[in-house]
Amino acid sequence: MRFITYREALHQSMRSALEKNCNSFIFGLGVTDHTGIFGTTLGLEGEFGGDRVFNTPICEEAMTGFALGASLRGLYPIHIHIRNDFLPLAMNQLINCVAKYKYMYGGLFEVPMLVRAVIGRSWGQGGTHSQSLQALFAHIPGLTVVMPSNAKSVISTYDYVVNHYRSPVLSLEHRLLYEYSFTVEPKSEEIINPLTSFLVKEGSDVTVTATSLMVHEAKRAADFVKKHEAIEVEIIDLHCVSHPDVELILRSVKNTGKLIVADTGWAPFGVCAEVSRIVASADPSMLSRPVINLSMAPTTCPTAKALEKYFYPDFGDVVHAIYTLVFETSDHGKELPSEEHKASQYKEFKGPF
Amino acid sequence: MDRKTYEKLFYDALRIRMVEEKIIQLYPSDKIQSPVHLSIGQEHHVVALIYHLKKDDVIFCSYRSHAAYLAKGGDLRKMFAELYGKKTGMAKGRAGSMHLCSPEVGLFGASAIVGTVFPHALGAAYANKLKNNGLVSVVISGDGATEEGVFHECLNLASLKKLPVLFVIENNGLAIHALLEERQSYSLEALTSAYGIPYYLVDDGFNLELVWNRSEQILSSIRQLLTPAIFEIKTCRYYEHVGVGLDYDKGYRTIEEYETWRARDPLIVNKELVDEFQPQIEKEISEAVEFAELSPDPPKEELLTDVF
């Protein structure tokens with residue numbers, strides 16, 4: 001077992017993709033500059049050459065269509081966006097073409113590719129550098145959407161999709177996770193499909209299904225409520241939000257009777273709505289309390305710190321939601337994590353980008 | 001151009017025209033329940049250009065692609081079956097007229113969303129270039145598609161990356177019902193020259209020999225230099241934008257313009273060749289239509305396969 005950061009896992013995955021899949025190539029604005037997409041593509045142009053690792057003009061639609069054309073002809077494109085907020089510029093290609101190519105042409109074509117895009121948070125990212133747009137993409141049949149929440153997930157998922165998966169994948173990476181360190185076990189030789197959800201921690205009192213950064217906030221909350229109230233929280237990392245492990249979710253909710261959905265995006269029509277739909281469609285009677293959704297506030301992200309701090313869901317919100325379900329009232333009167341405690345996790349991220 | 005080549009081009013263009021006329025004839029029966037954008041009037045330049053493409057050269061088209069599909073060698077029976085929504089259609093009845101493809105002859109797709117296929121041709125050209133296989137990539141779109149932002153993105157990218165790609169712009173002067181003058185502030189030649197891309201023009205798309213000669217010149221230059229070029233061809237869309245009707249009574253264009261093009265349309269003027277080729281083509285078309293008629297519908301299980 002060893003420690004590596006999310007950033008290192010991404011770099012390792014990019015390097016491994018180029019090494020193992022000779023048809024793969026990496027491109028995007030900033031891929032070959034001195035910052036190398038927050039360090040995740042540094043040095044790769046020098047090692048693998050400018051044909052396989054290159055910077056692009058700022059033209060998200062053309063580059064996404066370019067990826068499709070290259071994929072149709074046997075290449076494996078890895079297209080990187082430093083913020084997922086730039087993906088709306090590529091929506092025509094992603095929705096009208098990439099997602100539909102296999103189905104619409106009767107299975108004659110496959111367009112495997114990986115699109116990496118970063119979610120921003122805090123430090124005044126504001127309206128168009130802080131969105132978490134997984135719901136827009138997971139809504140479209142044909143797009144596989146993943147949100148790796150740790151280094152192991154990055155390594156196993158990218159290795160699988162680049163070398164063994166024939167459909168287009170969109171991966172949303174949380175900027176704050178880049179700074180986190182994770183334990184990574186030696187890789188097993190067995191090929192396991194990681195395009196599903198994972199059980200992070202067992203617990204019998206409350207189920208928290210979470211995405212991306214919120215998986216960590218859920219883990220912190222679980223530690224907190226265990227320490228203070230001896231509450232056992234079960235955590236499910238939804239991971240592949242387009243293909244969640246429905247059985248895993250239902251089994252857990254059946255056991256705990258209480259469900260929190262903690263997502264990095266907005267709740268309406270999003271991951272919160274979807275997990276709630278899954279449970280309501282299967283058997284709403286398994287819930288002993290109403291579902292609690294934790295999400296971004298239903299508005300555009302403000303830059304002012306005074307407002308921003310209310311915009312994103314955090315670990316304090318998860319603790320409050322757990323107490324609300326367990327003590328059957330939002331007026332539970334229990335002590336919540338301090339502001340310092342909540343912020344401690346983010347101290348390493350100091351912007352601007 | 002020798003007689004034999006001319007007759008081949010004529011035959012191929014007439015075949016496309018007769019297929020389109022068959023569709024017009026069948027449309028009121030409601031057996032083809034999907035929008036059709038007829039290539040009728042725009043067959044000539046397509047056969048003349050595609051003559052010079054190898055089977056494995058890659059092409060991408062707009063929704064008005066019956067001509068390119070047939071000229072590139074797409075299977076006529078599978079095309080009718082596709083229009084009929086049958087299991088035996090080239091895409092098992094999922095694509096319809098607007099999304100014809102035939103990978104075995106290099107047609108890698110078409111799009112109903114204007115301008116969308118330009119970057120696909122660039123990506124394919126990049127793959128061809130990396131593989132050093134000598135193939136070119138061709139994208140055929142209308143004049144309206146050049147107004148899309150992605151077209152400008154693609155001119156830049158093609159030039160920057162020196163991609164072996166040919167942009168073919170079929171200029172019929174119309175975008176649905178909007179005239180060119182209402183839509184464009186630029187000259188295509190000046191625009192493409194700003195990106196350093198060689199521009200070629202044929203004013204009369206009905207002139208098989210002219211388009212054939214010019215296409216040969218352009219394509220051999222692309223093969224040799226492995227760099228992009230643009231080829232604008234002026235032509236005439238005989239029928240309405242979508243559907244099988246003539247719409248010269250709607251006030252946005254004149255019947256005189258139509259008559260002017262028709263008066264020099266080889267497929268009308270050269271009655272002798274039409275009479276010579278018609279019976280054989282008719283036979284092929286009837287067989288294809290019969291194949292479509294007799295083919296089974298896709299089964300219900302097909303609804304949810306091939307999604308991922």
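Conventions. I am reading a predicted model, in which local features need pLDDT of at least 70 and side-chain atom pairs count only at pLDDT 80 or more, while totals for chains, interfaces and linings use all residues. Residues are numbered from 1 along each chain as its sequence is written, and chains are lettered from A and ligands numbered from 1 in the order in which they are written.

Confidence. I noted an ipTM of 0.96 and a pTM of 0.97 for the model. Chain B averages a pLDDT of 97, with 100% of its residues scoring at least 70; pLDDT is the predictor's confidence in each residue, from 0 to 100.

Chain B. I found 12 helices and 8 strands in chain B, where helices (H or I, at least four residues) and strands (E, at least two) are DSSP runs numbered from the N terminus. The C-alpha trace of chain B spans about 50 × 50 × 40 Å along its principal axes. Buried residues make up 48% of the 308 residues; a residue is buried if 20 or more other C-beta atoms, placed from the backbone, lie within 10 Å of its own, exposed if 12 or fewer, and partly exposed in between. I also checked Asp306(B), which lies in the segment after helix 12 (271-294) of chain B and has a positive phi near 70° in a residue other than glycine. Asp306(B) counts as buried, because 20 other C-beta atoms lie within 10 Å.

Chain A. I found 14 helices and 13 strands here, and 56% of the 353 residues of chain A count as buried. With 353 residues a compact globule would have a radius of gyration near 20 Å, and chain A has 20 Å, so the two agree. Along the principal axes, the C-alpha atoms of chain A fill a box of roughly 60 × 45 × 40 Å. Trp123(A), in the loop between strand 5 (113-119) and helix 7 of chain A, has a positive phi of about 60° although it is not a glycine. Trp123(A) is partly exposed, because it has 19 other C-beta atoms within 10 Å.

Domains of chain A. Chain A is divided into domain 1 (2-184) and domain 2 (198-346), with bounds from an automatic or database domain assignment. Their centres, taken over C-alpha atoms, are separated by 27 Å. I saw 25 residues of domain 1 in contact with 23 residues of domain 2, two residues being in contact if their C-beta atoms, placed from the backbone, lie within 7 Å. On the domain 1 side, helix 7 (134-138), strand 6 (144-146) and strand 7 (168-174) each supply at least two residues.

Between the chains. The contact takes 30 residues from chain A and 32 residues from chain B. Helix 4 (60-72), helix 5 (91-98) and helix 6 (101-104) of chain A each supply at least two residues of the side that touches chain B, and the largest share, 9 residues, comes from helix 4.

Technical notes. Rg over C-alpha atoms; globule rule 2.2 N^0.38 Å.
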